[in-house]
Amino acid sequence: MTVPIDKSTILKYDVQGPRYTSYPTAPEWSAGVTAAVYKDKLTALGRSDKTLSLYVHIPFCEKLCYFCACMKVIRPADEKYGEEYLTHLFKEMELVASAIGRKQTVRQLHWGGGTPTFLSEGQMQRLLAKTCELFDVDLTGEIAIEVDPRTVTASKLKVLRERGFNRVSMGVQDFDDSVMDAVNRHQPFELVKNVTDSCRALKFESVNFDLIYGLPHQTRETFQDTVDQVITLKPDRIALYSFAYVPWLQKHQTKLVQDDFPNTDAKLDIFLLARQKFLDSGYQAIAMDHFALKTDEMARAFNERRLFRNFMGYTVKPADEYLGVGVSAIGFLENTFVQNIKALPEYYKAVQQGDLPVERGKELSEDDRIRRWVILQLMCHFSVDKKQFCSLFDKSFDEYFALEQGHLAHCVEDHLVVETDDTIEVTELGQFFIRNVCMGFDAYLRKDGVSRRFSRTV
Ligand SMILES: C[S@@+](CC[C@H](N)C(=O)[O-])C[C@H]1O[C@@H](n2cnc3c(N)ncnc32)[C@H](O)[C@@H]1O
């Protein structure tokens, strides 16, 4: 880091704000996107030769991690929960495939959760078989799964690899005992090492770790040890997430003691330390919070401006549209966000009635599409090419964003961006405050003022 981050910049920009895994952000979505709207979009999709990314949500976890902000359902390890879920999931997949009307090509398949490996080996095999029956799954594409190192077995990993899965992401979070105690999640180094070794032996093409900074009891020193241990295992990719503390959405986060959290200064310090260590160990920094070995596809995609951002965070975008199946899953197709019902009993009920289990969504206006493009450019590439904007939208960037000139001027003054006639380039300092830079282009925040619905940006 060549630019020192002074405390006043941190204080000024440490506000609540979106992570921009979507624009417009989820609080702006509404029940106006119904099952009927979704069906029409699926039918339109079926008339095109667009390719798909398919996300499958498996909500179950055996134990609650107190930091967790994902959609999960805690259940004891018992096949019956997976059985009941698969029955409904298969039905939903059939409804989706029938609305599309033909076998659409899937170039990227991702099982997320919750914990997808909560399913038994047989259940996972049936889920993949069902997916291949309804969609034309390109098994040379990216076939990825999130695993929990505490519960995944070598034998499950073997089954997954044999069936074509080539990328594994695992929740590592932190190896320090007091941090693991505080968040109710123990996965010591040896355990993660064993799972990583199994993945390597099975020749998974990419092994990815998730880490979180900002957790209770974390300090520079403790996290340095975690990072050193992580580096010895050489994961291909690392997602280093800023802890999202959103107790108004995730009640169980109140089990965490706020006084144990590192303060904003310390949190940023922990991130900077980890970042430097990864850079010194041959990793490339990818956009806001990822690191990848230079040989990894994500590093290549970042360098070639092919990186993309969606609900999964950063991803390499191999397909035109994005479908989500399973409780709470999100899709984006035909310029429309669609989210499934978030409560499991209601999801089951809708599917039993033969309805697409849609809860809400957002059809993008032209202004939404324009701003989404700018925010994606900033989040994924740290730059906006005004000429490209002009050729895509047939509008002058400076004229369209006349109201945003004040925000940009502040960003320039604070050394977060450099603006020329043709480009906006985010500086190294600005990369740490990229969410704040994007917030200036968010028309909904302008309407609402700075919102209390999001986690803090630093
Ligand atoms: C959907 S979770 C599934 C991971 C997998 N089931 C496991 O527990 O190992 C994916 C990742 O989201 C991240 N995550 C969850 N809650 C978070 C929060 N509140 N703030 C930041 N990251 C979070 C964690 O790093 C987690 O590994």
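A charge sits over a ring if NZ of Lys or CZ of Arg is within 6 Å of the ring centre and within 35 degrees of the ring normal. Keep that in mind for the first view of this predicted model.

**View 1. Two arginines meet the rings of phenylalanines.** Here Arg372 lies over the face of Phe332, and the distance to the ring centre is 4.0 Å. Look next at Phe204: the charged end of Arg161 sits over its ring, 5.5 Å from the centre.

**View 2. Phe271 and Phe432 form an aromatic pair.** The structure holds 32 aromatic pairs. In the one shown here, the rings of Phe271 and Phe432 are edge-to-face, with 5.9 Å from centre to centre and 85 degrees between the planes. This pair links distant parts of the chain: Phe271 belongs to helix α9 (residues 264-280) and Phe432 to helix α16 (residues 428-432), 161 residues apart. Both Phe271 and Phe432 are buried.

**View 3. Seven side chains to find form one aromatic cluster: Trp373, Phe389, Phe393, Phe397, Tyr400, Phe401 and Phe441.** You can trace the cluster from Trp373 through to Phe441 with the sequence at hand.

**View 4. Arg167 and Glu142 meet in a salt bridge.** A search of the whole structure finds 26 salt bridges. In this one, the N to O distance between the side chains of Arg167 and Glu142 is 3.1 Å. Arg167 lies in strand β6 (residues 167-173) and Glu142 in strand β5 (residues 136-147), so the pair ties together parts that are 25 residues apart in sequence. Arg167 and Glu142 are both buried.

**View 5. Asp148 and Arg150 form a salt bridge.** Their side chains meet at 2.6 Å, N to O. Asp148 is buried, with a relative accessible area of 7%, while Arg150, at 24% relative accessibility, counts as partly exposed.

**View 6. Asp296 forms a salt bridge with Arg237.** The closest N and O atoms are 2.7 Å apart. Asp296 sits in the loop between β10 (290-293) and α10 (297-303), and Arg237 in strand β8 (residues 237-242), so this contact ties together parts 59 residues apart in sequence. Both Asp296 and Arg237 are buried.

**View 7. A network of salt bridges links Glu297, Arg300, Glu304 and Arg306.** Side chains of opposite charge can pair when their charged atoms come close.

**View 8. Asp40 is an exposed residue in helix α2.** The helix spans residues 35-46, and Asp40 has a relative accessible area of 54%. Asp40 and Glu334 are 294 residues apart along the chain, yet their C-alpha atoms are separated by 9.7 Å.

Key: Residues are numbered from 1 along each chain as its sequence is written. This is a predicted model: local features need pLDDT of at least 70, side-chain atom pairs count only at pLDDT 80 or more; totals for chains, interfaces and linings use all residues. Side-chain values use heavy atoms; hydrogens and water are left out. Helices (H or I, at least four residues) and strands (E, at least two) are DSSP runs, numbered from the N terminus. Buried means under 20% relative accessible area, exposed over 50%, partly exposed in between (1.4 Å probe, protein chains only). Rings of Phe, Tyr and Trp (its six-membered ring) pair if their centres lie within 6.5 Å; planes under 30 degrees apart count as stacked, over 60 as edge-to-face and the rest as tilted. A salt bridge is a side-chain nitrogen of Lys or Arg within 4 Å of a carboxyl oxygen of Asp or Glu.
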